[in-house]
Amino acid sequence: MNDTFSLRQARPDDATSIAEVQVAVWNSAYRGLVPDALIDQLRVPDRAVMWTKILESYAASGRGAVIVADRAGEIVGFASCGDQRDPDLVADYPGEISAIYVAQPRRGIGAALMAEAARALIAMGHEAAALWVLSDNMNARHFYEHLGGPPVRERIDEAEEGSLNEVAYGWATLTSLTAR
């Protein structure tokens, strides 16, 4: 298999491919970590509409970016970033990596996406950023710790389908991610 990939800014016509990666990762990585009802309600067409709106919003405002990892014309991962949405984190971590999904982890794609998201956040004027991850998602937590992000907050996100325990990882200096 060819493990080479390239990174680029997402285009509006990438929304369906981004949604496909997101739904596939939820089905493969989150079963057993979140209530099945949350996973079972995810549909590619719904997610594609959501990603189209996000891409349009970022394009219009300049306050966010979606970066895709492309391998031979196929999107195999993506990261989304922008201004921090969590009021408890905004003072120390004004940037946010709101999503990162990789269809085939452990091939360098995740680290490359994190570095590119950090560059995009720096270009938006952010020096620090955080992200939220499921507390029980130990693979992701080890990945963020390997990238130098310490846990900085915890929360319980209550949903109709069940509660989700999450932990925030933060980078006080985003240039530490770009050097990787």
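Reply: Gladly, and one term comes first: buried means under 20% relative accessible area, exposed means over 50%, and partly exposed lies in between (1.4 Å probe, protein chains only). This is a predicted model, in which local features need pLDDT of at least 70 and side-chain atom pairs count only at pLDDT 80 or more, while totals for chains, interfaces and linings use all residues. Residues are numbered from 1 along each chain as its sequence is written, and side-chain values use heavy atoms, with hydrogens and water left out.

Me: Thanks! Which pattern does the protein chain follow along the sequence?
Reply: Helices (H or I, at least four residues) and strands (E, at least two) are DSSP runs, numbered from the N terminus. The protein chain has six helices and seven strands. Read in sequence order, they give β-α-α-α-β-β-β-α-β-α-β-β-α.

Me: What radius of gyration does the protein chain have?
Reply: The radius is taken over C-alpha atoms, and the globule rule is 2.2 Å times the number of residues to the power 0.38. For 180 residues, a compact globule would be near 16 Å, and the protein chain agrees with that, at 15 Å.

Me: Are W51 and F78 buried or exposed?
Reply: Rings of Phe, Tyr and Trp (its six-membered ring) pair if their centres lie within 6.5 Å; planes under 30 degrees apart count as stacked, over 60 as edge-to-face and the rest as tilted. The count by this rule is six aromatic pairs. In one of them, the ring centres of W51 and F78 are 5.1 Å apart and the planes stand at 75°, so the pair is edge-to-face. This pair links distant parts of the chain, with W51 in helix α3 (residues 44-61) and F78 in strand β3 (residues 74-83), 27 residues apart, and both W51 and F78 are buried.

Me: Which residues form one aromatic cluster?
Reply: The ring rule above also applies here. The members of this cluster are F143, Y144, Y169 and W171.

Me: Within what arc do the buried residues of α5 fall?
Reply: In helix α5 (residues 138-146), A140, R141 and Y144 are buried, whereas N139 and H146 are exposed on the other side. The arc is that of the directions from the helix axis to the C-beta atoms. Seen down the axis of α5, its buried residues line one face of the helix, because they fall within an arc of 100°.

Me: Which elements do those buried residues of α5 pack against?
Reply: Contact here means heavy atoms within 4.5 Å. By that rule, the partners of the buried α5 residues are β4 (95-102), α4 (109-123), β5 (129-134) and β7 (162-171).
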